[in-house]
2 protein chains.
Amino acid sequence: MNKLSEATKYYIAGFLDGDGCINAQIVKRDDYKLKFQIKVYVSFYQKTKHHWFLIWLQKNLEYGSIRKRNDGMSEYTITGPDPVQNLLKQLEPMVRIKKPQLKLVLQIIKELPKAKDPQTFLALCESVDRFEQLNFSKKRKINSETVRSILKS
Amino acid sequence: MNKLSEATKYYIAGFLDGDGCINAQIVKRDDYKLKFQIKVYVSFYQKTKHHWFLIWLQKNLEYGSIRKRNDGMSEYTITGPDPVQNLLKQLEPMVRIKKPQLKLVLQIIKELPKAKDPQTFLALCESVDRFEQLNFSKKRKINSETVRSILKS
């Protein structure tokens with residue numbers, strides 16, 4: 001990922017605090033030993049009319065992909081521990097409102113490589129659960145409880 | 001209004017592009033000679049949970065007032081030609097998505113003092129009409145047509 005200028009970092013941090021999303025999610029992966037994967041991502045939204053803006057962002061951040069949704073919105077998402085960590089480390093001093101989400105994702109990314117056994121993985125899934133409240137998102141279908149019951153069986 | 005640091009300007013411009021609003025509106029003023037007034041304003045929104053953030057913004061920008069709405073949102077609005085012009089002139093080089101609204105408000109503010117006669121005022125009201133489309137806002141109750149029909153009678 002590009003090393004961003006200070007100006008760009010402040011601008012993107014402001015935009016992220018306004019209209020962006022820092023998130024982690026548990027997804028089902030039948031081919032994984034622990035049956036689930038923790039996904040981390042940073043998303044930016046904008047009316048498709050302003051699609052050009054997301055392309056400008058992507059040019060700066062290099063990683064991630066943009067898609068046009070069918071509700072008139074475009075969405076630019078950067079996913080994966082390395083790109084997300086790289087971006088958020090750069091924005092950490094500037095982000096204000098979404099600082100709790102930023103810190104939590106960075107902590108999850110740091111602990112991901114150690115989460116090879118069910119116990120440690122489950123603890124990490126509990127950290128992921130906290131995003132439901134932090135991001136005021138709707139009730140999640142897959143949370144640490146789901147993972148616990150599958151891993152037990 | 002404070003002279004903002006470059007860093008703060010970039011951050012606020014990003015936040016404004018994400019979650020802010022630059023707007024102008026025609027309001028009825030029975031005590032005015034031309035019966036209407038053109039209001040210009042810049043607003044920032046945030047969940048009331050993050051009310052502290054709007055207070056931080058206000059501390060930086062000095063002008064304007066914050067109110068808690070009854071839908072869980074807080075709203076910080078800076079209104080009036082001088083404070084709005086001062087703020088937008090500082091943010092002009094940094095704002096990206098809302099540049100058209102920014103330029104249009106600055107132009108309206110510049111022309112306001114000259115709009116003392118019905119003809120010039122009406123032309124300015126037509127500029128205000130353009131915000132309906134620029135901000136994807138719902139159909140306005142008062143637009144230049146309303147002003148025209150009242151001033152004619």
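## Surroundings of Asn143(A)

Asn143(A) is in contact with Ile26(A) and Asp129(A), leaving aside residues up to four places away in sequence. The model described here is predicted. Within chain A, Asn143(A) belongs to the loop that runs between helix 5 (118–134) and helix 6 (144–152).

Chain B holds an open sheet of 4 strands, which are arranged in the order 1-2-4-3 and pair in antiparallel fashion. The edges are formed by strand 1 (20–28) and strand 3 (65–68) of chain B; each has a single partner strand, so one side of each is left without a neighbour in the sheet. From one strand to the next, the twist averages 30°.

Strands of a sheet pair through backbone hydrogen bonds, in either a parallel or an antiparallel manner. Strand 1 of chain B and strand 2 (residues 36–47) of chain B run antiparallel and are joined by 9 bridges. Within this sheet, Ile26(B) has Ile38(B), a residue of strand 2 of chain B, as its bridge partner.

Helix 2 (residues 51–61) of chain B packs on the sheet, where it touches strand 2, strand 3 and strand 4 (73–79) of chain B. The direction of helix 2 of chain B makes about 15° with that of strand 4 of chain B.

## Relation of the two chains

Two copies of a chain are related by a rotation about an axis together with a shift along it. Here, chain B is superposed on chain A by a rotation of 180° with 0.0 Å of shift along the axis, and the RMSD is 0.0 Å. This is the relation of a two-fold axis. Both copies use the same surface, since 100% of the contact residues of chain B recur in chain A.

## Contact between chain B and chain A

How many residues does each chain bring to the contact? Chain B contributes 17 residues and chain A contributes 17 residues. On the side of chain B that touches chain A, helix 1 (residues 6–19) of chain B supplies the largest share, with 11 residues. By residue type, this side of chain B comprises 9 nonpolar, 4 polar and 4 charged residues.

Notes
Residues are numbered from 1 along each chain as its sequence is written. Chains are lettered from A and ligands numbered from 1 in the order in which they are written. This is a predicted model: local features need pLDDT of at least 70, side-chain atom pairs count only at pLDDT 80 or more; totals for chains, interfaces and linings use all residues. Helices (H or I, at least four residues) and strands (E, at least two) are DSSP runs, numbered from the N terminus. Two residues are in contact if their C-beta atoms, placed from the backbone, lie within 7 Å. Copies are superposed by least squares on the C-alpha atoms of residues with pLDDT of at least 70 in both. Ala, Val, Leu, Ile, Met, Phe, Trp, Tyr, Cys and Pro count as nonpolar, Asp, Glu, Lys and Arg as charged, and the others, Gly among them, as polar. Two strands pair if DSSP finds at least two bridges between them. Axes are lines fitted to C-alpha atoms, for helices over the stretch in contact, and angles run from 0 to 180 degrees between N-to-C directions.
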